[in-house]
Amino acid sequence: MKPLLDSLAARLAAGDPNLTVLVYATGMLVFCGVVLMGFVAPYAGVTSFIERRIAARMQSRVGPNRVGPQGIIQWVADGLKCILKEDLIPEEADKALFRIAPYLVFIGMFGTFVVIPFGSSLVISDLDVGLFYLLAITSLVSVGLIMAGWASNNKWSLLGGMRSAAQIVSYEIPSGLSLLAVVLFAGSMSVQGVIRSQGWAPHTWLVFQNPFLFASYFIFFTAALAEGNRTPFDIPEAESELVAGYNTEYSGMRFALFFLAEWANLYVIGAVSAAAFLGGWQVPPAIPPAVRPVAELLVFVAKATFGVFLAIWARWTFPRLRVDQMMEVCWKYLVPLSFLNIVGTAVWMILFPKGALTAVAVSVVMVLVALAVLALFVRKVAMNLRSSDGAISLNPFV
Amino acid sequence: MPDVTTETLSVARTEGGLVKTEEMLLNMGPHHPSTHGVLRFILKTDGEMILECKPDVGYLHRSIEKIGELMTYQGFVPYTDRVDYVASMNSNLAYCMAVERLAGIEVPRRAEFLRVLVCELNRISSHLIAVGAMAMDIGAVTPFPYALRERERINDLLEEICGARLTYNYIWIGGVSFDAPPGWLERVQAFVESYEKIIPEFNRLITGNKIFVERLRDVAVIPAAMAIDYSLVGPNLRASGVDWDLRRDEPYSIYPELKFDVPLGHGERGTVGDCYDRFVVRVREMEESCKILRQCIAMFPHDQPDFRAKVKNVKPPPGDVFVRTEAPRGEQAYYLVSDGTTKASRVKIRTGSFSAMAITEEISIGCMIADLIAIIASLDVVAPEIDR
């Protein structure tokens, strides 16, 4: 070991360009890892707390409110508990695979953060094939889940693993095709490129560019929910059917890793849909350059959190689909529709060239329609609140 | 539901040839989140398709029938609470009615009203558990806390009248243990009024949900003839379109004086007798129970203060009696044989969950595992009632 280190030191002193690059790359990797971990873990943790609070409010309960003010550090307590618990490995399990599986799931989720930006300059790597990379790296999650299900040597876990394999493989197609429509319209496959093709105002967002992209947004979001194992597509871990699916046998930190991945994955869903459809980090040009990075970061995280909230909302509202119905939704509806979207977007681009007055008019009209739908929704909610006998408390701090 | 039998599946397996597949023996329960207690099913599956489902009962057997032969007639009443602890008022009622008929005891009119009031309240709370748990088993967690919230209000009312929240021991031989406290009827009335508004809200939340309907329609259809063959009772029987309700067809207590409808399964979203019908019938029955409660409150005999007949040691003459009542899980029947002493020489309890458990074996063939969860929930089996 010593000769190696000595020679390394000597070469570094001599200014070997290859080695400098290596040191630089390693340093960057560690730095990025630390920064990302500092973002991902707290975000996932806080999301878990917020989800539990939202669920509680939806179910006329109080939710966690004991640890810290309003229970805000409940997630730290949960994490500590998981670290302190015994890491149990079943006697009959395939021990090596059983140990690796949670890491694969975690890497699959964590890897997506390489291309997910936080601002115009805050991104680890703006890959030319960013969206493609996103789709590819998330597949690693399904490998991890199958591995977890198989290695547990538990029939329920195996069923969960098989379900997740079928689900992720199927739903990658509509989600990929929906992003393809975006790529077609934006003319770029890099995430930053897609965002740069949009503006800060809603009528410049891709989701409002034409009806096909609007449909793509919903198809992508649905498919992403399915890939992220969220209700109504949470069948791989269907609690009431498969006990807990692939993670039945896991405990301690490995179990926590699965859930960290799940909640961080929520952010990924929100972030990708924000980047591809909702204008990403674009902020109004009036904002002074000094505060721009912060504003961009806030705008992007806010948009991503909107997606996270949608997913939480769906989870605590819908029942769960059956396996065959889930496949039906994917292959009979989402896949043909997303093909239609690609063709539709292509035809649209020829009929209404970008920047033409008609195209701008269409997006403005779509924004107005969206606002009208939002107003209708608010009215309906107000009506429901009035008819509910006043039993609902709107105070978030109970 | 695909039309698959064991034979067609095994043919498909052998003809494929290239890929070797085998059946999986899957043990579901007794520790499983959706088996509503300690039930166990031994499943033989092809992937997720169930080829064979054997219910294995007996994990909650507590020899209640034998205990009934060792206790005095009055002493056994608290044990009947434990026969079906989700609806123990109704169990009390069935047993007490049997003893009263055997010994020829007259029950005061006020007691009859109180009995029907608490039984119908208990029916609502039992059905709330049934529909809430069913929604949860299908994957929608939110309706369940709402159902439990309403059930808590019923528990509060029942606690006021008898001091207990689950195992009431309220209905005694010859009447009830306590009179209603002052203002209790008004509070029941207030509950009914607010609860009747909750039911449409609950329906908006889950009953009409597209995914929920799709999960339940045409799943595990029980035709009327099959329901009768397996002697299904109560809401499970009525969901198959058989118009039979003991409260109306073999009336007891004050039910002949009350007006209420008997909801039947109409195949609203699919076939008559599917899981969705069984769900909807229970929701409708809660509405009917509200009607009954309103009438009971309106007709309540305030001028007759007597709520318990003077009963010392019950010593019925030798003979036997078979009394059945309409409990939330269908007919609950007690068969008592008296040898002229203070203890019954034979107690036999017939419960709805037991026959409902038997039918799972036939209707679950060809279903997915997720469907079996829906079937168990829709039949509303409660483990202690199966085993006793």
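Modeller: I begin with helix α6 of chain B, residues 143-162, whose 20 residues should span 28 Å at 1.5 Å a residue, and this agrees with its end C-alpha atoms, which are 28 Å apart; the expected span is 1.5 Å times one less than the number of residues. Helices (H or I, at least four residues) and strands (E, at least two) are DSSP runs, numbered from the N terminus. This is a predicted model, in which local features need pLDDT of at least 70 and side-chain atom pairs count only at pLDDT 80 or more, while totals for chains, interfaces and linings use all residues. Residues are numbered from 1 along each chain as its sequence is written, chains are lettered from A and ligands numbered from 1 in the order in which they are written, and side-chain values use heavy atoms, with hydrogens and water left out.

The buried residues of α6(B) include B:P143, B:F144, B:I154, B:L157, B:L158 and B:I161, and also the charged-type side chains B:E150 and B:R151, where buried means under 20% relative accessible area, exposed over 50%, and partly exposed in between (1.4 Å probe, protein chains only). These buried residues pack against α4 (88-103), α5 (109-138) and α7 (184-207) of chain B, contact being heavy atoms within 4.5 Å. After α6(B) comes B:G163, whose phi is positive, near 90°.

Two of these neighbouring elements return in a salt bridge, that is, a side-chain nitrogen of Lys or Arg within 4 Å of a carboxyl oxygen of Asp or Glu. B:R110 and B:D179 meet in this way at 3.0 Å, N to O, and the pair links distant parts of the chain, 69 residues apart, with B:R110 in helix α5 of chain B and B:D179 in the loop between β5 (175-176) and α7. B:R110 counts as buried because its relative accessibility is 10%, whereas B:D179, at 23%, counts as partly exposed.

Elsewhere in chain B, B:R324 forms a salt bridge with B:E250, their closest N and O atoms being 3.0 Å apart. This pair also joins distant parts of the chain, 74 residues apart, from strand β6 (residues 319-327) to the loop between α11 (246-249) and α12 (275-299). Both partners are partly exposed, B:R324 at 24% and B:E250 at 34%.

Turning to the interface, 27 residues from chain A and 36 residues from chain B take part in the contact. The area buried between the chains is about 2,700 Å², with carbon and sulfur atoms giving 57%; buried area is the accessible area (1.4 Å probe) that two parts lose on being put together, summed over both. Two salt bridges cross between chain A and chain B, one of them between B:D371 and A:R322 at 2.8 Å, N to O. On the side of chain A that touches chain B, α6 (155-186), α9 (239-242), α12 (323-351) and α13 (357-387) of chain A each supply at least two residues, and the largest share, four residues, comes from α6(A).
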